[in-house]
Amino acid sequence: MQPIRHIRSRTAVLPYTNIDTDQIIPARFLRTTTREGLGKQLFADWRYNADGSPKAEFPLNKPQAAGCQVLVAGRNFGCGSSREHAPWALLDFGFRAVISTEIADIFCNNALKNGLLPVIVDEPTLAWLLEHPGAAVEIDLEHNELKLPDGVSVKFPLEGFSRYCLLNGVDELGYLLSRSELISAFEQQHR
Amino acid sequence: MRTLFQKIWERHEVVPETADAPAVLYIDLHLAHEVTSPQAFSMLREQGLKVRRPDLTLATMDHSTPTRTEQVFGGAPITVESAAAQIAKLETNCAEFGVELLALRNAERGIVHIIGPELGVTQPGKTVVCGDSHTSTHGAFGALAFGIGTTEVAHVLATQCLLQRKPKTFAINVGGHLRAGVSAKDLILAIIGKIGVAGGTGCVLEYRGSAIEALSMDERMTVCNMSIEAGARAGLIAPDETTYRYLADRPRAPKGAAWERALAAWQSLPGDPGARFDREVSLDGTEIEPMITYGTHPGMVMPVSGSIPVRPDDAVFAKALAYMGLEAGTPIRDQAVNVVFIGSCTNGRLSDLQAAASLLRGHHIARGVRMLVVPGSQPIKRAAEAEGLDRIFIDAGAEWRESGCSMCIGMNGDNVGKGEYSVSTSNRNFEGRQGQGARTLLASPLTAAASAIRGRVTDPRELLHS
């Protein structure tokens with residue numbers, strides 16, 4: 001995995017609460033056996049009309065959203081299923097971070113495993129971000145800081161080990177495999 | 001003094017958690033299915049890794065599988081091509097990596113969270129994982145069971161371990177008892193309604209109290225199944241005599257001297273009296289009524305006898321009601337229904353089918369209603385047929401299918417049509433879940449059966465007295 005240190009981008013905003021994983025990537029797209037190419041189907045049922053044409057009013061279809069790497073969403077983003085296809089679709093579309101006041105547990109874990117950064121902020125900060133789509137922000141992973149326009153800066157929490165893995169491009173499977181002897185010892189003990 | 005959760009956690013720490021690193025937690029049982037495993041097996045293949053403990057791994061097929069008999073047993077081709085490919089992929093992966101698979105025509109195949117308990121591999125005190133959020137179901141046995149993503153599936157396949165930070169604990173105390181016509185499904189819907197869809201985020205829920213203790217294993221599984229819909233990591237119910245009686249007859253549960261040893265270990269699991277939880281909430285089981293969802297997440301739930309809430313300045317609420325074609329402040333009773341689905345890992349067990357059949361016996365479903373009854377596993381299907389439940393469903397005008405997730409997630413071609421109202425015994429009413437534009441109302445098997453007979457949302461207690 002590539003190390004992540006900074007993300008600089010304008011924001012794309014979805015001002016809805018409880019955006020669930022069935023919206024992020026509908027189940028009919030889970031029949032794939034690979035992880036590539038899901039960006040086209042991201043938010044498929046919100047993004048496209050029945051004939052496949054893009055819905056003009058959907059925020060991610062607007063010209064301002066093109067090239068945005070940071071998604072701002074209402075609380076409890078990513079609730080629902082454990083489908084890792086959800087962060088895969090977001091990443092394939094071009095997002096590298098999601099900002100909200102609450103991000104669901106399983107989605108959060110899956111996001112971190114794939115280098116999609118979950119950024120938790122307080123309500124006033126989220127309110128400001130929801131009201132200012134297209135704001136130029138910077139996420140500084142080294143200092144756990146989200147920098148907003150006008151010099152405002154807020155800290156965000158991030159579990160230390162995940163942060164370490166992201167900053168250094170450390171693969172968690174490699175880390176677990178390196179614990180193999182301890183795992184064997186545990187198995188011996190618990191036979 | 002430790003809770004059930006703490007006891008299980010401590011017994012599985014290969015390396016305890018520190019400030020710098022999560023715990024390395026050993027996994028006793030890894031269940032797999034065709035949707036979330038292909039990319040995990042590919043990861044192992046790419047790195048030349050083997051499955052560390054095939055003996056602790058069991059795969060089934062459920063999400064993409066057809067439920068039409070001719071496609072399962074009749075040699076007819078699976079109509080959804082990508083589903084056929086995904087099923088074939090699981091077969092080749094399991095063969096290559098030496099993982100036991102309950103394949104399409106296997107007599108024990110079924111929905112992953114139904115077959116584990118049925119076979120007796122789900123046991124108290126175990127850590128159980130699966131690439132599926134409803135893994136919380138197995139917590140009904142006092143197992144620590146939670147859903148994981150595909151990358152973590154690869155971690156478990158390769159190392160039989162996961163990196164985990166300890167979640168918080170949240171006791172849900174339910175006193176009193178469920179009244180006639182009120183089901184375990186209504187109880188868990190009421191709990192989600194009370195604590196909200198993010199109420200359990202970061203927590204393992206433990207369900208306790210007289211109403212919980214009175215539940216059968218099937219009912220406990222229904223409750224624990226939907227823990228994830230409250231945002232929780234997992235849900236637990238302490239094992240007791242009900243649990244041990246269920247397990248004693250299961251094919252893969254320990255026998256003889258091994259049973260005695262296991263039983264002694266299980267009996268040491270329930271939490272110490274006075275052990276503290278990070279949060280607690282109480283409900284009175286006696287006050288719970290048949291429930292139904294009206295919106296686009298499981299927290300948008302109400303008694304069948306009630307009215308849809310009014311939330312004047314809530315744009316997201318208004319959007320949800322617009323999708324559902326429902327009006328704030330109106331009763332949900334008598335809403336016309338197009339489809340009724342009985343099945344899923346929430347309510348696809350024999351007792352759920354018996355409950356639905358008890359109302360449908362001697363009745364026909366209303367004109368204009370399409371009803372699908374999908375048993376949770378092939379053993380459940382056979383047991384239902386031995387009791388004649390299939391005849392009750394077919395005579396009532398419902399379709400009786402082979403097992404699978406079917407219409408809960410609609411991946412296999414069993415879908416609800418655009419704009420159709422579906423009363424479903426499944427676990428999620430998100431927009432488009434059962435089909436694009438589908439309008440899902442989650443309910444118990446009794447409520448679903450009653451609604452099928454009347455052709456509109458119906459309180460099952462009205463039919464229980466007739």
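Q: What should I know before I start reading the numbers and letters?

A: Residues are numbered from 1 along each chain as its sequence is written, while chains are lettered from A and ligands numbered from 1 in the order in which they are written. The model is predicted, so local features need pLDDT of at least 70 and side-chain atom pairs count only at pLDDT 80 or more, whereas totals for chains, interfaces and linings use all residues.

Q: Let's start inside. Which residues touch the most other members of the largest nonpolar core?

A: In soluble globular proteins, nonpolar side chains tend to be buried together. A nonpolar core here is a set of buried Ala, Val, Leu, Ile, Met, Phe, Trp, Tyr and Cys residues joined through C-beta atoms within 7 Å. Buried means 20 or more other C-beta atoms within 10 Å of a residue's own, exposed means 12 or fewer, and partly exposed is in between, with C-beta atoms placed from the backbone. The largest core has 200 residues, and A:V98, B:I292 and B:V340 touch the most other members. Helix α7 (residues 184-195) of chain B gives the most to this core, with 8 residues. (Helices, H or I of at least four residues, and strands, E of at least two, are DSSP runs numbered from the N terminus.)

Q: What is A:V98 in contact with, leaving aside its neighbours within four places in sequence?

A: Contact means that two C-beta atoms, placed from the backbone, lie within 7 Å. On that count, A:V98 has A:L71, A:A73, A:F77, A:I103, A:A111, A:L116, A:P118 and A:V119 as its partners beyond four places in sequence.

Q: What does the domain assignment of chain B give?

A: Domain bounds come from an automatic or database domain assignment. For chain B that gives domain 1 (4-164), domain 2 (168-239 + 265-287) and domain 3 (292-461). The C-alpha centres of domains 1 and 3 of chain B lie 28 Å apart, and 23 residues of domain 1 are in contact with 21 residues of domain 3. On the domain 1 side, α3 (69-72) and α5 (112-119) of chain B each give two or more residues, with the largest share, 4 residues, coming from α5(B).

Q: Why is α5(B) described as largely enclosed?

A: Because 7 of its 8 residues are buried, α5(B) is largely enclosed by the rest of the structure. Among those buried residues are B:H113, B:P117 and B:E118. B:G116, also in this helix, is buried with 27 other C-beta atoms within 10 Å. Beyond four places in sequence, B:G116 is in contact with B:L31, B:V121, B:T122 and B:H138. Following α5(B) comes B:G120, with a positive phi near 85°.

Q: Which residues of helix α12 of chain B are buried, and which are exposed?

A: In α12(B), residues 315-324, B:A320, B:L321 and B:M324 are buried. Down the axis they fall within an arc of 95° (taken from the directions from the helix axis to the C-beta atoms), so they line one face of the helix. On the other side, B:A315 and B:A322 are exposed. The cover over the buried residues includes β19 (439-442) of chain B.

Q: Where are A:F43 and A:D150 found?

A: Most residues other than glycine have a negative phi, and most peptide bonds are trans. A:F43, however, has a positive phi near 50°, and A:D150 has one near 65°. A:F43 is in the loop between α1 (21-24) and α2 (44-47) of chain A, and A:D150 is in the loop between β6 (145-147) and β7 (153-155) of chain A. A:F43 counts as buried, with 21 C-beta neighbours inside 10 Å, whereas A:D150 is exposed, with 6.
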